[in-house]
Every structure is written in C-alpha cells, then in structure tokens.
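Try each one yourself before reading its solution.

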Amino acid sequence: MKLKKIHREIPVKVSRERMWEILKQYGDVSRFHAGVVRSYKADGSKNTAAPGCERVCEIVDFGLHITLKERIVDFIEGESYTYEVYEWENFPIREMRFGFTILDSAADLTWLGIDIEYLAKPVLLTPFLAEKLNRLARDVLLGYKNYAETGEKRVPIKTLKSRFKSVPRTEVQYG
C-alpha cells in the first residue's frame, strides 16, 4: 500500500519572515504549542531547524503517552522542511513524514501549509487514521497561527478551535 497523504493550509496574519522564525523553533515546539506535552532536541542537534536536526516529542492522545523521535530530511531555508518520524512508542504507524511549507505571502499575510504522509501498522488501519490525522493537521496549524499572531503560548486546542471558528476551512486533499 502507498503512503496516504493529507494536505491543509491556513492564513496567518504575519510576515513570511516571522512565520519562518517560528517554524525554525524545531526542538522547542512544546514551549508554545499545547498539542505537544514536551519536546526537546536530540543529543547532538540544535533547537533550530536545519538539515538532519533531530528532536523528541511527547504527546498524550486518548490517554496514550506517545513518544515520537523525528529527524529533518528535507530543508529549504526560509521556505520549508520535512521531517520523518523514525522511532515511536504507542503509535500505530509503519512510516510517517510531516512537512511545513510557507506558500504565498503578502506584507502581513502568509499561507502556511502542512503535509502528512503516513502508513499505519498494521497497514489495514491506514484509511481509518485519515480523519484523525486531518484533525491533527488542523490543530497543528491553529497552534502555529495563534502563536504567530498573538504570542500566546500553550493555548489549549479546544480554545483555539473556538477562537478560530471563522478561519476559512482550508481545502483538504487526500492522496
């Protein structure tokens, strides 16, 4: 079975440069994003996004304590990066990658995109994770949007969903 793909985009009221500064806070994502309980750089890596940079993220979902070890595998300065989840605990995946891209931007408006590619373990679960990962993609984008626009750190996802109800529903593409 091929990797399943999800793509979402969201408008963020900041400059392209500011959005990139925030995205580069790779090892410290839990400092401002409430969806990640704890994150830290892996030994030998920096907190700033760069090719080969590694981090560990701890997440709690449905009472499960999930640990993900991630590594940047593609990096274009000022524009995008993709990281792979290369090791995990309590998460039913065989393979997974996340990508963030700064799409279009004007003086004070930037479109941020997220791509998730995954294959579940067992493979038969792959289609069933689509809606969950689609919600995850939106939650992640809302966290970045809120932090970029307000500077507020670790705002609960429920609060963000309520606060940004009027944000245009971005097109969801599945592959």
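**Exercise 1.** Which residues in helix 1 meet which residues in helix 3?

*Solution.* A word on conventions comes before the steps. The model is predicted, so local features need pLDDT of at least 70 and side-chain atom pairs count only at pLDDT 80 or more, while totals for chains, interfaces and linings use all residues. Residues are numbered from 1 along each chain as its sequence is written, and side-chain values use heavy atoms, with hydrogens and water left out.

Step 1: find the elements. Helix 1 spans residues 16-23 and helix 3 spans residues 130-150; helices are DSSP runs (H or I, at least four residues) and strands are runs of E (at least two), numbered from the N terminus.

Step 2: list the contacts (heavy atoms within 4.5 Å). From helix 1 come Arg18, Met19, Ile22 and Leu23, and from helix 3 come Tyr144, Tyr147 and Ala148. By class, this contact has six nonpolar residues, no polar ones and one charged. Here Ala, Val, Leu, Ile, Met, Phe, Trp, Tyr, Cys and Pro count as nonpolar, Asp, Glu, Lys and Arg as charged, and the others, Gly among them, as polar.

**Exercise 2.** At what angle do helix 1 and helix 3 pack?

*Solution.* Step 1: take the axes, lines fitted to C-alpha atoms over the stretch in contact, with angles from 0 to 180 degrees between N-to-C directions. For helix 1 and helix 3 the angle is about 120°, and the axes are 10 Å apart.

Step 1: classify. That angle makes helix 1 oblique to helix 3, as angles under 35 degrees count as roughly parallel, over 145 as roughly antiparallel, 65 to 115 as roughly perpendicular and the rest as oblique.

**Exercise 3.** Is serine 45 buried or exposed?

*Solution.* Step 1: locate serine 45, in the loop between strand 2 (38-41) and strand 3 (54-61).

Step 1: apply the cut-offs (buried under 20% relative accessible area, exposed over 50%, partly exposed in between; 1.4 Å probe, protein chains only). Serine 45 counts as buried because its relative accessibility is 12%.

Step 2: check its partners. Not counting residues up to four places away in sequence, serine 45 touches Gly52, Cys53 and Glu54.

**Exercise 4.** What is the phi of asparagine 90, and which residues does a cis peptide bond join?

*Solution.* Step 1: recall that most residues other than glycine have a negative phi, and most peptide bonds are trans.

Step 1: asparagine 90, in the loop between strand 5 (80-89) and strand 6 (93-106), has a positive phi near 60°. Its relative accessibility of 46% makes asparagine 90 partly exposed.

Step 2: the cis bond joins lysine 121 and proline 122, with omega about 5°.
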